[in-house]
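Subject: A structure to look through

Dear colleague,

Here is the structure that I promised to hand over to you. Please open it beside this message and follow along as you read.

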Amino acid sequence: MEKYKTSIFNIPFDKEGITYIYNTMSGSLIKLDDASRDAFEQTDFDFTTFDSHLLEKLLCKGFIVKSHIDEMGMLYEKTNEAIYSSFPSAVSYTIVLTNKCNYTCKYCFEAKNKQSNNATIDVDKTVSFILKQIEHNKELKYLRITWFGGEPLIYEDGIDIITGKLLPVLSERRIKYTSSIITNGYLISDQFIDNLEKNQISSIQITLDGMPEVYADYKGTAPGAFDRVLSNIKKICTSKSSCSVGIRLNCDKDNISSIFSLLDYLDASGFFANCNINLAPITGSDGSEFSDAEYEIIQLKFYSYLCDKGYKELVKKKLKKSRLMSCGYVGSGSYIIDVDGTLKKCERYVGMQDKVVGDVILGRYYNSAEREFQLNDILDKCMSCSLYPICRGGCKNSRLSGKEIDCHLQRDNLIKLLNMLV
Ligand code: SF4
Ligand code: SF4
């Protein structure tokens, strides 16, 4: 007879006398009755005594697993397949169209890395590289491009040219294509909006760092820039295009109060209905950045703010989902194509010469920089962590640069968040 055990990825919590379990691998939540709660509290409970429907449900949602299964081992193997496959079914390229920028953000990591700041990408070599990858990989089903910079809209033509050359080949091979753009939003024109559909751009990410004065200070712009960017966001939201807009709120200790004022403003102006609003920590700045633990608390405050304003559904979507890697670039087939045609594995490496792992002429170098970035190692402290499917040990770049992730609040904060949502 088959035996079962509880999943190592279960997170039990209580609210108003009721016990729930959240499973970080499946993203499922279950409310337990008294009998089931007792069962989950015992280490050696015989789950086959449950009625078959309940047993099936618990198995299907991952709350229990067959007793011989090594859940961590299974995850490890799936990750290996995704990292080391020579013919991945999905590939993604982040293309640095130009390293020119019309802003001078005070926390910009690229400004520190730049060798020269007036370059634009060679579109022909870039297209020829991508076409070679497509031709070589008969298993390819999905291709995703993220347009990046500098400010990518300074070289907007690059998007039209590259997309125009790729789409016929992708269509012929029946490869599904999507693209997105990360822009400061200032240069968004009517023509760009009109071309969203033709260029198959399905999402746009725009960063706002606070109310107008703080925005101008953090971004190095004239005061009118804030209003112009918001007006451009409105234009996209009211256009025929189905492209979604994500507003990213970059925060540190100095601008956080302005970020919460901005949230009030965005709510009052109706942006919550049309945009996906996210908070993100500013890193690598001048000492005003939040520590991991401080940011965890701020993030919880942000979720609580959204719930209080009635946006519970929005917060539900922000629950982290399980993933195979800490970030997509760890996988084979995911690269930054830098403005000089070199390939890198992390957005932070744009402009860095010692992080090159290939180029658009020669392809991959199979060098130690790439091997080191892809290495599927699990830290000792993560081996028995119930958050591992959604965390994966944290950002690979941070780990490689020797920064230890302080995650002692992560589990408690997830439970606090789940408490807000049930
Ligand atoms: S390694 Fe970290 S910083 Fe680099 S792209 Fe991935 S998540 Fe971002
Ligand atoms: S870094 Fe911390 S929270 Fe993330 S998986 Fe490892 S132990 Fe868990």
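This is a predicted model: local features need pLDDT of at least 70, side-chain atom pairs count only at pLDDT 80 or more; totals for chains, interfaces and linings use all residues.

Residues are numbered from 1 along each chain as its sequence is written, and chains are lettered from A and ligands numbered from 1 in the order in which they are written.

The whole chain

The chain has 17 helices and 15 strands; helices (H or I, at least four residues) and strands (E, at least two) are DSSP runs, numbered from the N terminus. Its C-alpha atoms fill a box of roughly 65 × 50 × 45 Å along the principal axes. The radius of gyration is 23 Å, which agrees with the value near 22 Å that a compact globule of 422 residues would have; this radius is taken over C-alpha atoms, and the globule rule is 2.2 Å times the number of residues to the power 0.38. Of the 422 residues, 30% count as buried, where buried means that 20 or more other C-beta atoms, placed from the backbone, lie within 10 Å of the residue's own, exposed means 12 or fewer, and partly exposed is in between. Among contacts between residues at least 6 apart in sequence, 71% join residues at least 24 apart, a contact being two residues whose C-beta atoms, placed from the backbone, lie within 7 Å.

The chain is divided into domain 1 (1-69) and domain 2 (84-374), with bounds that come from an automatic or database domain assignment. The centres of these two domains, taken over C-alpha atoms, are separated by 39 Å.

Strand 2 is joined to strand 3 (residues 18-23) by six bridges, and phenylalanine 13 has tyrosine 20 as its bridge partner in strand 3. In the hairpin of strand 2 and strand 3, which has two residues between the strands, glutamate 16 takes a positive phi near 50 degrees. Between strand 3 and strand 4 there are five bridges, and isoleucine 21 has isoleucine 30 as its bridge partner in strand 4.

Another open sheet, of ten strands, has the order 11-10-9-8-7-6-12-13-14-15 and mixed pairing. At its edges stand strand 11 (275-281) and strand 15 (363-364), each with a single partner strand, so one side of each is left without a neighbour in the sheet. Helix 10 (residues 256-268) packs on the sheet, touching strand 9 (201-208), strand 10 (244-251) and strand 11, and its direction makes about 155 degrees with that of strand 10.

The cores

A nonpolar core is a set of buried Ala, Val, Leu, Ile, Met, Phe, Trp, Tyr and Cys residues joined through C-beta atoms within 7 Å. The largest has 52 residues, and Ile95, Val96, Trp147, Leu249, Ile336 and Ile337 are those with the most contacts inside it. Helix 9 (residues 225-237) gives the largest share of this core, five residues. A second, separate core of six residues includes Tyr22, Phe47, Leu58 and Ile64.

A loop residue

Asparagine 367 lies in the loop between strand 15 and helix 14 (368-374), and asparagine 367 is exposed, with 11 other C-beta atoms within 10 Å.

With best wishes

Conventions:
Two strands pair if DSSP finds at least two bridges between them. Axes are lines fitted to C-alpha atoms, for helices over the stretch in contact, and angles run from 0 to 180 degrees between N-to-C directions.
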